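Let's take a look at how some strands pair up in this one. Have the model open and follow along.

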Amino acid sequence: MGSSVETLEFQAETRQLLRLVIHSIYSNKDIFLRELISNASDALDKLRLESLTDSSLSGVDSADLHISLEVDKDARTLTVRDNGIGMSRDDLVELIGTIAKSGTAALLEKIKESKDAATAENLIGQFGVGFYSAFMVADKVTLRTRRAGTDSGTQWESDGDGTYDLQAVDGLPVGTSVTLHLKPADSEDGLADYLSESKIRQIVKQYSDFIRWPIRMTTERTGAEGEITHDTDTLNSMKALWARPRSEVTEEEYNEFYQQISHDWLPPAETIHMRAEGTFEYEALLFIPTQAPFDLFSRETKRGMQLYVKRVFIMDDCDALMPNYLRFVKGVVDAHDLSLNVSREILQHDRQIHGVRRRLVKKVLGAIKDMQAKDAERYAKLWAQFGRVLKEGLLEDTDNTEALLGLVSTASTHDPEKTTTLRAYVERMKDGQDAIYYLTGETRAMVENSPHMEAFTAKGYEVLILTDPVDEVWVDRVTAFDGHRLQSIAKGQVDLEESADGDQESDTQKSRREQDFATLLPWLTTTLAEHVKEVRLSSRLTTSAACIVGDTHDVTPTLEKMYRAMGQELPTVKRILELNPAHPLVTALRTAHDATADDPALAETAELIYGSALLAEGGDLPDPARFTRLLTDRLARTL
């Protein structure tokens, strides 16, 4: 032993997480071994990779990298040992004593909100803190480690009760050993006998069979004549699933491999197994999850792609293989012709990797398209989970715009529950209709009750209801689908030709109406000049007195708010107030203005009409207190 023992406290959030893990998170306690083996495998991968690029590790023996499971029935301990990269003292404090992730508080909140154990387990796996699962089955955990390239090691020990001990240790081999001082078996609490050889074999086969490093265990055998022998067995197959023909791989094997690389408890929604031969050979095994991870829209979220070269692990979170809008796809790409020393920077500019990425994207989008055509129900569930992030591709991936537009599924006025594709919308368009109409908003109810919808509803025109924040952006980038332009019903002029009762409005009627309002509209434009750039008559209103619209290329108020929330200041965009010429309030205002144009009460009425239109579309009043005072004063005078 080296220095004296130093006792440290866990980070506060780590203590909370430990309590949750030990007492309430995992219903299946067997997975502790999967987590520890996965950590050991990562350590072996890192040693192999760093030994190729770090000359100081040239003397490290990496000829027989493996994981060992050691059972001591007398001491009731199970040890998971690897000869991987190891950890320094600082590594231990950062990775084990604290949770070095910005989302820890969010994790705890999500776990508390989860309604069942399976959901909680899934959340834990997504945060990658599975080491703590060891405390479910152990009263005490002793971790001894020495980082490759260093001379001294460190021992970490804790009973999971708020503190941990650190101590320098001499003479340790490179690598890490985690020794669990096991609790007694308790079937009622889900604690199996984890000293049992058969139980250990079953867990390894179920969760870690595809780990690329050998997982070994020395077992004791008693011969026919009572002699005792010791045999060392390799417990996992180590078969690279992606390198086997698809016809030789079962669905169960695919699911197990997916769960191993993703820590997801649900089977994948779709599996894509592909092989490319020619000038650049590679195999790929991709999975589309069934359920979106809770951190899908977090800045800290990582891509799910791992890169191997001839079965040698190179890197995970390989963003060069998959665009950001497909970050939910998990999988492995094993390239045959890359250098083992390839870096992320090189990958970003590698022509062959760009080619692989293009083919992977087309495969994923093609698989989703096939699901859309063959299994509408399964596709609807997939879109509900990943539709919002897939629509980000309309902003990022111009090469696949048409493919992505074909996948878009959104609510519409056609059906109160079912979504529709753009293709289905086009097939239902009215004779003579040349535009795909849409309206963005925060919720379906807000969109459906918007004044902008009135004429479209009255005349039977279908309108797409877009409520995702990303919808505000992509509809400005994508101008058309299948030759039909996309038109917001809250922007520009709308000419639905027929009046609300179905009669064609004559040019004479339009001319007479414009003459009737010839003095009111300029006066309103001047009176409300602080807020609007124009006041005009509307052809989109049937029951409301007024609505606010933008010019064809104006930024929407919602998008303006989004930019400002991101710290991007935009010049204030004045919009257009449209009046319903048939509404009693508007006709009464016209009559009053014709009679006494200088009446101060008319200006207040104009403010109230503008404020009501703003509220009707879900906007924010520029001066809520003034609007409330004007409204209450006006109501008081009516009583």
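## Strand pairing, piece by piece

Start with the hairpin: strands S2 and S3 make one, with four residues between them. In its turn sits Arg 76, which has a positive phi of about 55 degrees. Keep in mind that this is a predicted model.

If you want a spot to check by eye, Val 71 stands opposite Leu 78 in S3.

S2 also pairs with strand S8 (residues 215-222), here in the parallel sense and over three bridges. On that side, Ser 68 has Arg 216 of S8 as its bridge partner.

Now jump further along the chain. Three strands form an open sheet with mixed pairing, in the order S21-S23-S22. Strands S21 (532-537) and S22 (546-549) each have a single partner strand, so they stand at the edges with one side left without a neighbour in the sheet. On average, neighbouring strands of this sheet are turned by 25 degrees against each other, direction ignored.

Within that sheet, S21 and S23 (residues 575-579) run parallel, with five bridges between them.

| Strand pair | Sense | Bridges |
|---|---|---|
| S2 and S8 | parallel | three bridges |
| S21 and S23 | parallel | five bridges |

Notes. Residues numbered from 1 in each chain as written. Predicted model: local features only at pLDDT ≥ 70, side-chain atom pairs only at ≥ 80, totals over all residues. Heavy atoms only, no water. Pairing = 2+ DSSP bridges. Helix = DSSP H or I, 4+ residues; strand = E, 2+ residues; numbered from the N terminus. Axes fitted to C-alpha atoms, helices over the stretch in contact; angles between N-to-C directions.
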